[in-house]
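Trainee: Hi, could you walk me through this structure before I set anything up?
Mentor: Happy to, let's open it together.
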Amino acid sequence: MRAIVVLGRVLDPAGIVVNRRAGRIFVNREEYILPPADRCALEAAMRIKDATGCEVIALPRALFPDDDVLRQALAIGADRAIYLSGRGPDCADDAFMASVLAAAIRQLGGADLVLTGATTLDTGWTQLGPRLAEILDWPQILDAWQVEVQDSMTVVQAVVPADGGYALAEADLPALVTIAAGALKLRYPNGVRLINVYRGIGAVAEALERWEWQTLLEERPTPVLERRGQEFPPERERGVRVSGSAAEMARAVAGALRQRLGR
Amino acid sequence: MDISYLDLLMAQQEEFAAEVGGGGGVWVVADVVDGALAPVTLEALGLARTLADSLGAYVYGVLLGEGITALAQTLYQAGADGVRVADDPLLGRFALEPYLKVLSDLFEQERPEVVIFGATPQGSALAPRLAQRTGGGLIERITRASLDEATRTVVGAVPIYGGEYFELLACPAARPQFLTITPGAFPAPFMDTRRRGEPSSLPVEPVTPRVRLLGVAEGFAPPPLPLKRAPLIVAAGRQAGDFESVRALASVLGAQVAGDRGAYDAGWIGREQVVDVRGTTVAPQVYIAVGIQGDTFHNAAIEEARYIVAIHPDPEAPIFEVADLCVEAQPAQFLPELLEALKSGKT
């Protein structure tokens, strides 16, 4: 059995400051992190590997300028990692990457399970997983909190939110499962693997392969998204006092909370 | 707006429809929860109406489910010019493949220009697969939208890092343009109770869902979220008065309970729940401080909170200097009113 885990990276929000008045983003510390949902997807893949002994291969969520997330995956315990190199289009969106990833999975000879984070940290978008499942014509289980492959290795079961609680869902393999942020705690990397993968020593370092993404596809997919700029919200207005009777103030606060929470 | 301009807009719409070989238009796929329309569906219709009026296009609503035909009139009242209904026991509970089959057949025939979903579990499951299947673009979780009329392209504002700033994104070359809208971000439309219409039925072919729901996940509880990562916190202070009301407020909002040193000293919370630079610093989307005076250590610990509501009887309390919304009231008297307002849904 083969499980693919698709991992992204995102600029650590703790390292940036947004100046709303100036309409600028100041990057004080340019550090990229593995997004929380992708960390959970990696842990889910490791748990399935522990239970079934399957092969785990890490793929990048985008055409990254470096292979750091893949090295992290190898240090944690992934068997192989494929770095997709080559210059991509300026706006390599999820539609483009879903095509590239599907081609990479075909090049690998297929897979039984694809795991990835349910949402990205910056935009909160969810579309990469379902788009990939559509290309592969696989079933999808979204927002899973626990994933298990049954003994027969033909079925994946997952705990998903349903009707205000949690339900058990299952699909035949091959399938794609996205994992909710906060679902699982990523294990610590193995110290020896960590050192070797970053120093380029031994089998763990050799498990990192480089593929030119252009060689995977006969026809280049075209991104569909176009960036049209940025907008900054108005400066935060603090100290707005609510007045009136207790009931009036309560209605005003309830309205503000509902608007803020989108309920 | 003069009539000749309207004629021009409608001619453009017809031209687009002729080019793509369908009816075009702006479509809204409704979210039905417990037999009623989700509020986000009405918000989507409000946006659709605005876009359609600028595009010179028609608005269509799509309803899928079982026993939902009567809801079509609500869609008409919210601004839909036409409604398509797939009312069938096979669609009684949301399952991806049967819903996808109905919608992809419909959109293949109608070739919409814009399709809007709510950014709900159903919308987030359907929209990307339909976008991929139809070659469309998808902008998710938008909170504002404008129109580039020259190219008939919707430009969506997507909040980054929870709204620190917004990326403006568009799909100028891809049709349909799929959008998912953040619930609560767009105003609900005016409901014109005089508007009525006759919905048309969509064929439903039996398609077996590929994901099977086996029932409630017995014994499963999600891992507790550490306070520092909680998106919503209700915190109590010495002046909170009745801690049970604070708990009740947290329960209604689905928030985590915390407090300042005073609440810890009163025995209401554990050490790990103390919000303080010497304890836990937090960065929630919303932080509600109930009866917290707001000393330097506490206020520094909530610096990263996106929105702070403070309830305190003292108008000079330092918490009011950092709060976005200040309520000068006795928490013991104010909280029951707030709970009532939240439960009743009236604002």
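This is a predicted model: local features need pLDDT of at least 70, side-chain atom pairs count only at pLDDT 80 or more; totals for chains, interfaces and linings use all residues.

Trainee: Good. How many helices and strands does chain A have?
Mentor: Chain A has 7 helices and 16 strands. Its C-alpha atoms fill a box of roughly 70 × 40 × 40 Å along the principal axes.

Trainee: What share of chain A is buried?
Mentor: Of its 263 residues, 53% count as buried. The accessible surface of chain A comes to about 11,800 Å², and 46% of that belongs to carbon and sulfur atoms.

Trainee: Let's zoom in. What end-to-end span should helix 1 of chain A have?
Mentor: Helix 1 of chain A covers residues 36-52, so at 1.5 Å a residue its 17 residues should span 24 Å. The end C-alpha atoms are 25 Å apart, which agrees.

Trainee: Which residues of that helix are buried?
Mentor: Quite a list: among them are Ala37(A), Cys40(A), Leu42(A), Met46(A) and Ile48(A).

Trainee: What do the buried residues of helix 1 pack against?
Mentor: Their partners belong to chain A and include strand 1 (2-7), strand 6 (55-60), helix 2 (68-76) and strand 8 (113-117). Just after helix 1, Gly53(A) takes a positive phi of about 75°.

Trainee: Now helix 7 of chain A. Where do its buried residues pack?
Mentor: They pack against strand 16 (240-242) of chain A, and also against elements of chain B. Those chain B elements include helix 6 (243-253), strand 17 (308-312) and helix 10 (331-344).

Trainee: Which residues are they?
Mentor: The buried set in helix 7 of chain A is Met249(A), Ala250(A), Val253(A), Ala254(A), Gly255(A), Ala256(A), Leu257(A) and Arg258(A). As for length, the 16 residues of helix 7 (246-261) should span 22 Å at 1.5 Å a residue, and the end C-alpha atoms are 22 Å apart, which agrees.

Trainee: Over to chain B, then. How is it divided into domains?
Mentor: Domain 1 of chain B is 3-7 + 20-201, and domain 2 is 227-344. Their C-alpha centres lie 38 Å apart.

Trainee: And the overall numbers for chain B?
Mentor: Chain B has 10 helices and 18 strands, and its C-alpha trace spans about 70 × 50 × 40 Å along the principal axes. Of its 347 residues, 55% count as buried. Chain B carries 26 positive and 43 negative side chains, with the two centres 6 Å apart.

Trainee: You mentioned a proline. Where is Pro112(B) placed?
Mentor: Pro112(B) is in the loop between helix 4 (96-110) and strand 6 (114-118) of chain B.

Trainee: Is Pro112(B) buried or exposed?
Mentor: Buried, because its relative accessibility is 2%, and the cut-off for buried is under 20%.

Trainee: What is Pro112(B) in contact with?
Mentor: Beyond its neighbours within four places in sequence, Pro112(B) is in contact with Gly24(B), Gly25(B), Trp27(B), Phe107(B) and Pro176(B). Take Val26(B) too: Pro112(B) and Val26(B) are 86 residues apart in sequence, but 6.3 Å apart in space, C-alpha to C-alpha.

Methods. Residues are numbered from 1 along each chain as its sequence is written. Chains are lettered from A and ligands numbered from 1 in the order in which they are written. Side-chain values use heavy atoms; hydrogens and water are left out. Helices (H or I, at least four residues) and strands (E, at least two) are DSSP runs, numbered from the N terminus. Buried means under 20% relative accessible area, exposed over 50%, partly exposed in between (1.4 Å probe, protein chains only). Contact means heavy atoms within 4.5 Å. Domain bounds come from an automatic or database domain assignment. Lys and Arg count as positive and Asp and Glu as negative; His and the chain ends are not counted. The place of a charge is taken as NZ of Lys, CZ of Arg, CG of Asp or CD of Glu. The expected span of a helix is 1.5 Å times one less than its number of residues. Accessible areas come from the Shrake-Rupley method with a 1.4 Å probe; for residues, only the protein chains shown count as cover.
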